[in-house]
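Below are some notes for a colleague who is opening this entry for the first time. Please keep the sequence and the structure in view while reading the points in order.

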Amino acid sequence: MSDQTKTSVAENLANIQAKINAAAQAYRAKTGIFNPVTLVAVSKRQSDMRIEAALTAGQRVFGENRVQEAQRRWAHRRDYYKDLRLHLIGPLQTNKAADAVALFDVIEVIDRPKLAKALGDEIIRQNRQIECYVQVNTGEEAQKSGIAPNDADDFIAYCRDEVGLNVTGLMCIPPVEEEVAMHFALLNIIAKRNGLVKLSMGMSDDFEDAIAFGASAVRVGSAIFGARDV
Ligand SMILES: *Cc1c(COP(=O)(O)O)cnc(C)c1O
């Protein structure tokens, strides 16, 4: 591993963790709520060298957006790093539900009944403990995954009560050109009225804003690892 890669990934992780801690403190001062924030290091399309540097620095929670790519990167590492926690943060096809359940600990992208059912069946079949987040399309963008905000309450109830998923949180990806604040605030409101405590929101450019609106997990890729391979 080049010393430079090792140093810069470790430094970036330390810097981001410090910013996360400061933002969580500010949130506590304002609301009286201490909300622990998990840094999910988004490792998609990053080199092995950078991944190893993050592991060496002690990072154990990673996010991936493609099942097959994640299998290549993480299946063999799981045996060695027993405390890894892998989050699936990209769209999931129903026919990949079995592979996703086998590999991931947190599935953040549940957004339709057919997928929820397929995951529920696999979780039972494989006897896995998986944390499930419902993805909400807060910007109601036609091309984007996620359940519409108006359908979220019914869908969450369906996932919990009919499918039996362990739904603990919500996830959103705000539209690129819009002010993120109202999207983060909306996700927080939907979570509260459904009794959910985990909120996955915020990326490299806006994770501190997300924490100000109650994020419990931020998904940060390029600010840790640098630009991705295309
Ligand atoms: C790639 C990705 C991220 C990380 O984005 P950065 O801007 O590199 O921090 C976060 N969330 C999702 C859903 C992603 O696909």
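Predicted model: local features only at pLDDT ≥ 70, side-chain atom pairs only at ≥ 80, totals over all residues.

1. Around the ligand are Val42, Lys44, Ile89, Ile173, Met203, Ser204, Arg219, Val220, Gly221, Ser222 and Arg228.

2. In the side chain of Lys44, an N or O atom is 2.7 Å from an oxygen atom of the ligand, while a polar side-chain atom of Ser204 lies 2.5 Å from a ligand oxygen. Gly221 takes part through its backbone, where an N or O atom lies 2.8 Å from an oxygen atom of the ligand. Of the 390 Å² that the ligand exposes when taken alone, the protein buries 89%.

3. Two residues deserve a check of their backbone angles, given that most residues other than glycine have a negative phi. Arg45, in the loop between strand E1 (38-42) and helix H2 (48-56), has a positive phi near 55°, and Arg45 is partly exposed, with a relative accessible area of 32%. Asn127, which lies in the loop between helix H5 (113-126) and strand E5 (131-135), likewise has a positive phi, of about 55°; Asn127 is exposed because its relative accessible area is 67%, and the cut-off for that word is over 50%.

4. Leaving aside residues up to four places away in sequence, His183 touches Thr138, Gly139, Cys172, Pro174, Pro175 and Glu178.

Notes. Residues numbered from 1 in each chain as written. Heavy atoms only, no water. Contact = heavy atoms within 4.5 Å. Near = heavy atom within 4 Å. Polar contact = N/O pair within 3.5 Å; in protein donor to acceptor, adjacent residues only side chain to side chain. Areas by Shrake-Rupley, 256 points an atom, 1.4 Å probe, with all protein chains shown as cover. Helix = DSSP H or I, 4+ residues; strand = E, 2+ residues; numbered from the N terminus. Buried < 20%, exposed > 50% of the residue type's maximum accessible area, 1.4 Å probe, protein only.
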